[in-house]
Amino acid sequence: MAPHSRLGKVVGVALMTENMDKAKDFYSDLVGWHYKEVETPYDSKSVLALFGEEPVASIVSFPPHKHPEAQPVWRVIIAVQNVDEAADKAVKLGGEVAAPPRGDGPSRHCLIRDPQGNFVILVDANSEAAKDSKTDDVELLEKMQRLHNVLA
């Protein structure tokens, strides 16, 4: 098991979009985010959304090889011990691999679709995405409850 405390946890959220500029403008005007471009090991553009100096999310343009059913959506990112093994296990459990594992070492990631149809990004627990996550379980649950209250 990886020594990292984020193993098995939601370590981030990413807005997958076909129009990066429109998404950035919307969230900048709505909630005051500003952005930092980040290098990605795959074929899409990505920015880190910051509120003040704190990273709060990512906005990622769809890669050219996106899943045919992929729609613009907020996706959760979960840290796993081994991306390849987790992708194989997802299939055995009735899910599918929507985008196969890519990248090397800590940049390894994939996109799975669970049996209910939800897309989830799996990342190596030693990745920067997992290491940079500052949200603990209680804070994440509180944020999810506030969002539920707003949407209810």
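1. What is the accessible surface of the protein chain, and what percentage of it belongs to carbon and sulfur atoms? In this predicted model, the surface comes to about 9,400 Å², and carbon and sulfur atoms account for 55% of that area. Of the 152 residues in the chain, 38% are buried.

2. The protein chain contains four helices and eight strands. Their order along the sequence is β-α-β-β-β-β-α-β-β-β-α-α. When contacts between residues at least 6 apart in sequence are considered, 52% join residues at least 24 apart.

3. The largest nonpolar core has 16 residues. Those touching the most other members are Ala14, Met16, Ile77, Leu111, Ile121 and Val123. At least two residues of this core come from each of strand E1 (10–17), strand E5 (73–80), strand E6 (96–102) and strand E8 (119–124). As background, nonpolar side chains in soluble globular proteins tend to be buried together.

4. Isoleucine 121 deserves a separate entry. Apart from neighbours within four places in sequence, Ile121 is in contact with Ala14, Met16, Arg75, Val76, Ile77, Ile78, Cys110 and Leu111.

5. The salt bridges number three. One of them joins arginine 108 and aspartate 84, at 2.8 Å from N to O. Arginine 108 sits in the loop between E6 and strand E7 (109–113), while aspartate 84 belongs to helix H2 (residues 83–92); the two are 24 residues apart, and the pair links distant parts of the chain. Arginine 108 is partly exposed at 21% relative accessible area, and aspartate 84 is also partly exposed, at 31%.

6. Arginine 113 and glutamate 96 form another salt bridge, with 3.9 Å between the closest N and O atoms. Because arginine 113 lies in strand E7 and glutamate 96 in strand E6, the pair ties together parts that are 17 residues apart in sequence. Arginine 113 has a relative accessibility of 16%, so this residue counts as buried, being under the 20% cut-off. Glutamate 96 is partly exposed at 30%.

7. There is also a salt bridge between glutamate 37 and lysine 45, whose closest N and O atoms are 3.9 Å apart. Is glutamate 37 buried or exposed? Its relative accessible area is 52%, so glutamate 37 is exposed, the cut-off being over 50%. Lysine 45, at 36% relative accessibility, counts as partly exposed.

Key:
Residues are numbered from 1 along each chain as its sequence is written. This is a predicted model: local features need pLDDT of at least 70, side-chain atom pairs count only at pLDDT 80 or more; totals for chains, interfaces and linings use all residues. Side-chain values use heavy atoms; hydrogens and water are left out. A nonpolar core is a set of buried Ala, Val, Leu, Ile, Met, Phe, Trp, Tyr and Cys residues joined through side-chain atoms within 4.5 Å. Buried means under 20% relative accessible area, exposed over 50%, partly exposed in between (1.4 Å probe, protein chains only). Contact means heavy atoms within 4.5 Å. Accessible areas come from the Shrake-Rupley method with a 1.4 Å probe; for residues, only the protein chains shown count as cover. A salt bridge is a side-chain nitrogen of Lys or Arg within 4 Å of a carboxyl oxygen of Asp or Glu.
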